[in-house]
Amino acid sequence: MHLSPLIRNALASNLAARVCVAGSSGIAGVRSLSAATAASPSSLCRSALLVRSYSCSTRSSICSASQSIAAAWFASSRAAAPVTQSRTFRSSGSSYFADTLQKLRSPSISLFGKSTGVPLLGLGHKISPQAAVLSPLARETSRKLSTMGIENPFENVLTTLPNPAGGSFGKYYSLPALNDPRIDKLPYSIKILLEAAIRNCDEFQVRKADVEKILDWENTAPQQVEIPFKPARVILQDFTGVPAIVDLAAMRDAIKRLGGDPKKINPLVPVDLVIDHSVQVDVARSPNALESNMQFEFDRNKERFAFLKWGATAFDNMLVVPPGSGIVHQVNLEYLARVVFNNNGILYPDSLVGTDSHTTMIDGLGVAGWGVGGIEAEAAMLGQPMSMVLPQVVGFELTGKLKTGVTATDLVLTVTQMLRKHGVVGKFVEFHGKGMQELSLADRATIANMSPEYGATMGFFPVDHVSLDYLRLTGRDEEKVKLVEAYLRANKLFIDYSEPQMEKVYSSFLHLDLDSVEPSVSGPKRPHDRVSIREMKDDWQSCLNNKVGFKGFGIPKEQQGAVAKFDFQGESAELRHGDVVIAAITSCTNTSNPNVMLGAGLVAKKATELGLKVKPWVKTSLAPGSGVVTKYLQKSGLAEFLDLQGFNLVGYGCTTCIGNSGELHESVGSAIADNDIVAAAVLSGNRNFEGRVHPLTRANYLASPPLVVAYAFAGTVNIDFEKEPIGISETGKEVFLRDIWPTSEEIASIVGSSVLPEMFRSTYEAITKGNKMWNELAAPTGALYAWDSTSTYVHEPPFFKTMSSKPPGVHSVKDAYVLLNFGDSITTDHISPAGNIHKDSPAAKYLAERGVGRRDFNSYGSRRGNDEIMARGTFANIRIVNKFLKGEVGPKTIHIPSGEKLYIFEAAKKYHDEGKDLVILAGAEYGSGSSRDWAAKGPYLQGVKAVIAKSFERIHRSNLVGMGIIPLCFKTGQDQDSLGLTGYEKLSIDLPSNIKEIKPGQDVTVTTDSGKQFPCTLRFDTQVEITYFEHGGILQYVLRQLLES
């Protein structure tokens, strides 16, 4: 076989680069691959295409040993090949090689289908979301290196998808070609899991038996069987993205220390990171609020941002979207989502996991995605299949049509309440029915976004014509839309409501007539506590009267009429219980929806024209999730009226929804604190746990953007909108909510004329170029990160420093003290708060000792790259309720041996110094809320060995397992109170010393120091999770696997 030196060297170099970058088995791997492909040299030649998946720097890196072996193989092939084979190969292969080399030189293909590369945010590289993907051939080669050449047993269903315009779109793994009648009855969401299993089947990570489990879903799902899932990509935001990249950087150091190759720690799937959690509302009600807040953001976070910029160059397949671009889920929906991948001619559904619980928003577009903990996402980045229980699927039928004036926010709050009552934790929810055609894509995305609030893994909307229209609206290329429709129809993943529908099998069913939905809010402390607007005043009065709890503040009757008088910028002012001090249009949940955003603008316009004004001490803000929102508000002429009422643009990020609401005016804060006023915040967000939005707003209500504006005008939540005026007009006339509320027809008209595809195209073309502050930011270089021991933002974590090449094995818990004794609904906001660092906290003390001024403390979320601060910030929520404190609220506990009341971190440190194990007792829904890996990492660093609870939130339980913490559940009907546990006992948890004797879900006996025993369920839900426990955590397991490869 004759090959020119150019071709020979190119192929050898590309193969060598693949071996170096992807973490294959080095020289031995090349030898095994050479042996496996000796009979078919053309298959090895096709490996040249792999390199197109990588960055310029990776393509130029050559592993000399591998290169020499590859070159030697080519030489031996040429010498050994018969002449006839050589001729055949050369004659058929010459044009193939030319095409290969041309593809290696060709620019990447952009998301909108144009043959132009996208600059990687000012870093000088060209990449696009589609190009930054490992090809199927790359995956195949990676599998060969680890499984010695085993082929996909489903290659026989690989089918060509014809393009009506000529040629073909590519090939795909055809579900209909399986000829299995069970497929037609499967929910669409389960068929996506099925396709992924078939495509990735290698009899190693994914087996034919796994495919059969999914095919037989109707029978296997109730049995809680385990399946592997390999998502097509991973998405991050900066609060969770920084610690993820810190872990990857630390893993590179660890693998080098253990004698391995640091480059093995590298994402093997596309990773998109959107910086959206750092901006705070420092400046509000000002025309220059956007610029001021962005400057504050960069001043505070330069170190973090430089670290992320380093990560974008140090790791392959990583795209970083700079600050000021938008909220991760809205950017994902409007820009990053592929819906269908075309990866070097192989077509497959887009799917993802993300390190934010509201990753589920993308389910509204028919893309399967959900939130996971950071450590689980890191494993997925490194090519590990996710082990998951095959979920049951709740079929949620929608019929009818929303009444005029009713918003998608009202609908999602209703759905959340229904599903929370039904019980959907760990399940998929699949929406269907005739009412689907009455919901816009943005409406669907709003419902999907709040999946964590109703407890489901996904709230899924299969792709239909509404989805295709949305792709066109958001500027996707028409050829891309045609490919999406053709592929999904061919693979039975498209739903066409104009055709008769085959009945699907679901695990359970729910139904909602859209006509029955009424305007609502949720609160004052939980997103699923929906309150109809017409009942709001009565509900508020009940909350004041009720004892302290989720629906109560325990305010004595004689104090309910209290008035706090204060001076606000020279003007006399007063506050009462229920008065609104924060009104924020925020969060991807609603700002991605033009109907409610333009509806808010219309409310502001009508109220302004009647002479109403928002009180100046109400902190109003507008923080949309995309620059597109600004463009259509400006085009409609409604931005002017929002500005006039103080809803000025403050930033493109999560802001108030995640606790980045900024400080209240000092006089307002003092009036609240000094008079113990139950002040209110109204926001268009998705979370309203006490202490999350702002430390001084004990009542927090979720509402649609139009209602946020309405409550800002009213100035209180203690109002009956039907009977009481929202304000007085300039002519002295009472103005009611109905006088300023727009009709659905008004909103539809202005949406149709103001929301245009070109707005989406121009917005996302601009963000890929970065911004001045980001592009001028200096960042480190190199494969290994140079840790700065003095940094208070980025610090090398301790998780891998003492790790050995062998797993530590099983650890039991002996005579552990109870660090904390909790009731129900302890959220990840309680465990690992994201908001302000309190001036008296252990974290504040740590920062002050290192010369950091109070104004520069920033937030806990922004400092998640520093384990020292996060360990001190664990359980630092000022509203946390610990039974040891007998009604006192705050981040303290009792050190049982001494009886001292200490900050929780200080107590944990004291136990550690004494060599004592720790456990936590908790009630139901422990760990609900955001998918924060630090809610597991923090307790781990504080010495917690186990958590015993009535029930766990799905993601948090997984995170505990990932950190090697044992999750146990009380038996049904039992808890610490019914068992007579005070929390002052010492507890021992006896696990079998042999890992093979531990089974998912088995009973475990817990014994107190008095000899009392009670059974618990071990919440290792899969065999793989037990393996993680044996290794001390999921990342330790992955590291050892890569080290051995």
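Biologist: In β21, which residue is the bridge partner of D567?

Modeller: In this predicted model, strand β20 (residues 563–568) and strand β21 (residues 571–576) pair in the antiparallel sense over six bridges. D567 has its bridge partner in β21, and that partner is S572.

Biologist: In the hairpin of β20 and β21, which residue takes a positive phi?

Modeller: Two residues lie between the strands of this hairpin. The residue there with a positive phi, near 50 degrees, is Q569.

Biologist: How many helices and how many strands does the protein chain have, and what share of its residues is buried?

Modeller: The protein chain has 38 helices and 36 strands. Among contacts with a separation of 6 or more, 76% join residues 24 or more positions apart. The chain exposes about 36,100 Å², of which carbon and sulfur atoms supply 51%. Of its 1045 residues, the buried share is 63%.

Biologist: What is the order of the strands in the open sheet of five strands?

Modeller: The pairing in this open sheet is parallel, and its order is β8-β7-β6-β11-β12. The edge strands, each pairing on one side only, are β8 (318–321) and β12 (368–371). From one strand to the next, the twist averages 20 degrees. Read along the sheet, then, the order is β8-β7-β6-β11-β12.

Biologist: Why is strand β6 largely enclosed by the rest of the structure?

Modeller: R233, I235 and Q237 point one way from β6, while V234 and L236 point the other way, and all are buried. A residue counts as buried when its relative accessible area is under 20%. Strand β6 (residues 233–237) is therefore largely enclosed, because the number of its residues that are buried is five of the five.

Biologist: Through which helix does the chain cross from β6 to β7?

Modeller: The path from β6 to β7 is a β-α-β crossover, and this crossover is right-handed. The helix on that path covers residues 238–257 and is α11.

Biologist: In β8, which residue is the bridge partner of L273?

Modeller: β7 and β8 run parallel and are joined by four bridges. The partner of L273 in β8 is V320.

Biologist: In the open sheet of four strands, which strands stand at the edges?

Modeller: The order of this sheet is β16-β15-β14-β17, with parallel pairing. Two of these strands have a single partner strand each, so one side of each is left without a neighbour in the sheet. The strands at the edges are β16 (458–460) and β17 (508–513).

Biologist: Which helix packs on this sheet?

Modeller: Strand β15 (residues 428–432) pairs with β16 over three bridges, and F428 stands opposite M458. A helix touches β14 (393–399), β15 and β16, and its direction makes about 125 degrees with that of β15. This helix, residues 188–199, is α8.

Biologist: Is S661 buried or exposed?

Modeller: S661 is found in the loop between α24 (639–644) and α25 (666–675). Its side chain reaches the backbone oxygen of V693 at 2.7 Å, and beyond its neighbours within four places in sequence S661 is in contact with residues including V281, I582 and K619. With a relative accessible area of 2%, S661 is buried.

Note on methods:
Residues numbered from 1 in each chain as written. Predicted model: local features only at pLDDT ≥ 70, side-chain atom pairs only at ≥ 80, totals over all residues. Heavy atoms only, no water. Buried < 20%, exposed > 50% of the residue type's maximum accessible area, 1.4 Å probe, protein only. Right-handed = clockwise from strand over helix to strand, strands pointing away. Polar contact = N/O pair within 3.5 Å; in protein donor to acceptor, adjacent residues only side chain to side chain. Contact = heavy atoms within 4.5 Å. Pairing = 2+ DSSP bridges. Axes fitted to C-alpha atoms, helices over the stretch in contact; angles between N-to-C directions. Areas by Shrake-Rupley, 256 points an atom, 1.4 Å probe, with all protein chains shown as cover.
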